[in-house]
Amino acid sequence: MRILAENADRAKILAGGQSLVPMQNLRLARPEMLVDINGIDSASFVMVDSDVLRIGALARHIQVEEARVPGPLGGLLEEVGRQVGHLPIRLRGTFCGSLAHADPAAEWCALLATAKGNVVARGLGGDRVIAADDFFDTAFTTSLALGEMVVEARLPVLSEDWRFGTAFLSRRAGDFAVVLVIALIRVVEEKVAEARIGLGGVSDRPVRARSAEAMLVGERLNRELLEHAGRAAADGVEPLGDLHGTAEFRRHLVKVLVPRALSNAWGLG
Amino acid sequence: MSRATVPVTLEVNGETWDLEVEPRWSLAEVVRSRCGLTGTHLGCEQGICGSCTVLVDGDPVRSCLIYAVQCRDSRITTIEGLAAGGDIADLMEAFSIHHGLQCGFCTPGFLVLASAVLERDPSISDGDLEEALSSNLCRCTGYYSIIKAVRSVRDQTSAC
Ligand SMILES: Cc1cc2nc3c(=O)[nH]c(=O)nc-3n(C[C@H](O)[C@H](O)[C@H](O)COP(=O)(O)OP(=O)(O)OC[C@H]3O[C@@H](n4cnc5c(N)ncnc54)[C@H](O)[C@@H]3O)c2cc1C
Ligand code: FES
Ligand code: FES
């Protein structure tokens with residue numbers, strides 16, 4: 001921590017290296033100094049601590065995917081984790097590194113935002129807890145201060161009345177998704193008591209489709225309602241177009257993927 | 001940027017190498033140019049193609065994305081090590097029977113990856129196998145013949 005803090009303007013943390021090293025090889029990143037955290041064995045934990053899943057700075061993607069957390073969160077992590085790159089990437093890359101890298105289409109970033117997780121940042125002055133909504137500033141930029149490091153990520157464990165559904169579209173298996181949707185609904189007496197819909201790839205950071213969420217509360221889900229929700233979500237985003245998909249195409253994907261994720265969650269088949 | 005070298009001891013294919021390396025050299029560069037093990041190919045150097053796949057403590061990793069100095073305490077196995085040990089004789093034969101290669105540039109990476117995938121799960125499902133192999137790129141074969149080759153080895157092994 002001291003080395004990092006004293007060299008804050010020229011040093012970068014090296015975790016799994018699965019984003020940083022490609023950027024260095026392309027000369028997109030040219031840090032003068034790397035602080036390799038791979039030797040810190042005590043940071044590779046994934047554990048449930050009362051109602052919270054704690055994921056250490058060195059926990060690899062695959063550890064999170066295979067963590068077998070009780071309740072719906074376990075299944076959700078498995079389903080989302082499988083979408084992150086390929087096996088060799090998942091064996092090296094870290095969950096917290098993905099959050100710090102803050103790619104707007106990263107699965108774990110969208111998950112943190114949807115599941116209302118937070119991040120524990122450590123600097124020389126001590127630790128602070130940053131909620132997902134305050135963590136992602138813009139593409140590849142977080143609210144971490146210079147010299148601060150993510151020491152762990154926290155996700156609330158989901159009670160049994162939560163259900164999840166996901167929908168992704170990527171160009172090839174293992175690629176970043178063009179658009180991804182993570183839906184979480186809490187169902188009480190066959191009606192939606194709470195809904196959260198997280199979107200990746202449609203903005204400069206992961207976002208929630210709040211207007212669509214609001215439409216679902218108190219309702220039983222059916223095809224018509226899901227289509228309305230998809231349209232509301234699509235109207236609520238201002239995607240940027242790039243080589244992987246035009247703005248219009250991404251908006252269209254939101255319209256079809258939101259109903260698909262919700263229908264997976266509800267079990268419409 | 002400092003060009004100073006640092007000493008590093010690496011265990012590659014069971015052999016110990018005492019080397020002087022620059023901290024910025026990737027493991028791929030070091031096994032190729034310092035250890036003379038040129039079976040590890042460098043295609044993209046961005047983590048995309050997988051032709052540089054080696055085993056680090058048994059795990060398949062992109063050797064273009066890991067620095068040699070990070071491998072101090074690890075066991076490194078390259079395609080040469082797997083081939084010499086006879087561990088992948090079946091895979092090599094299957095690649096040849098099923099036309100799993102044409103120019104051969106991607107082949108070492110695929111063989112290292114496939115051996116690790118089958119080691120992790122000898123009875124892996126077709127879908128999971130395809131997903132796992134989609135990690136690497138081949139510009140020649142169209143993939144189907146590679147998938148067929150690896151499937152045939154899985155079927156031989158899991159049948160006995
Ligand atoms: C071929 C390929 C396909 C991929 N596909 C996907 C995909 O589909 N979805 C996806 O989400 N990702 C994908 N990735 C990226 C991968 O998930 C990375 O592992 C992840 O983005 C970064 O984690 P890392 O541990 O590798 O971080 P590193 O590359 O080591 O670091 C990334 C950045 O985060 C900083 N950092 C790392 N850890 C910390 C910390 N604890 N505190 C503060 N800063 C930190 C570093 O300084 C650096 O700026 C892919 C990568 C490759 C090579
Ligand atoms: S050279 Fe390492 S993945 Fe392409
Ligand atoms: S055989 Fe030529 S790239 Fe695969």
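1. Start with B:Phe95, which sits in helix 3 (residues 89-97) of chain B; helices here are DSSP runs of H or I with at least four residues, strands are E runs of at least two, and both are numbered from the N terminus. Is B:Phe95 buried or exposed? Its relative accessible area is 2%, so B:Phe95 is buried (buried means under 20%, exposed over 50%, partly exposed in between, with a 1.4 Å probe and protein chains only).

2. Before going on, keep in mind that this is a predicted model, where local features need pLDDT of at least 70, side-chain atom pairs count only at pLDDT 80 or more, and totals for chains, interfaces and linings use all residues. Residues are numbered from 1 along each chain as its sequence is written, chains are lettered from A and ligands numbered from 1 in the order written, and side-chain values use heavy atoms, leaving out hydrogens and water.

3. What does B:Phe95 touch? Leaving aside residues up to four places away in sequence, its partners include B:Leu101, B:Phe110, B:Ile146 and B:Val150 (contact means heavy atoms within 4.5 Å). B:Phe110 lies 15 residues from B:Phe95 along the chain, and their C-alpha atoms are 9.9 Å apart.

4. Now look at where the chains meet: 23 residues of chain A and 19 residues of chain B take part in the contact. Together the two chains bury about 1,800 Å², with 55% of that on carbon and sulfur atoms (buried area is the accessible area, 1.4 Å probe, that two parts lose on being put together, summed over both). On chain B's side, B:Leu65, B:Tyr67 and B:Glu131 supply 30% of the area it buries against chain A, more than any other three residues.

5. B:Glu131 turns up again in a salt bridge with A:Arg82, with the closest N and O atoms 3.3 Å apart. Strand 4 (59-62), helix 4 (107-120) and helix 5 (126-133) of chain B are the elements giving two or more residues to the side that touches chain A. The largest share, four residues, comes from strand 4 of chain B.

6. Finally, chain A itself has 11 helices and 13 strands. Its C-alpha trace spans about 55 × 45 × 30 Å along the principal axes. Of the 269 residues in chain A, 52% are buried.

Technical notes. A salt bridge is a side-chain nitrogen of Lys or Arg within 4 Å of a carboxyl oxygen of Asp or Glu.
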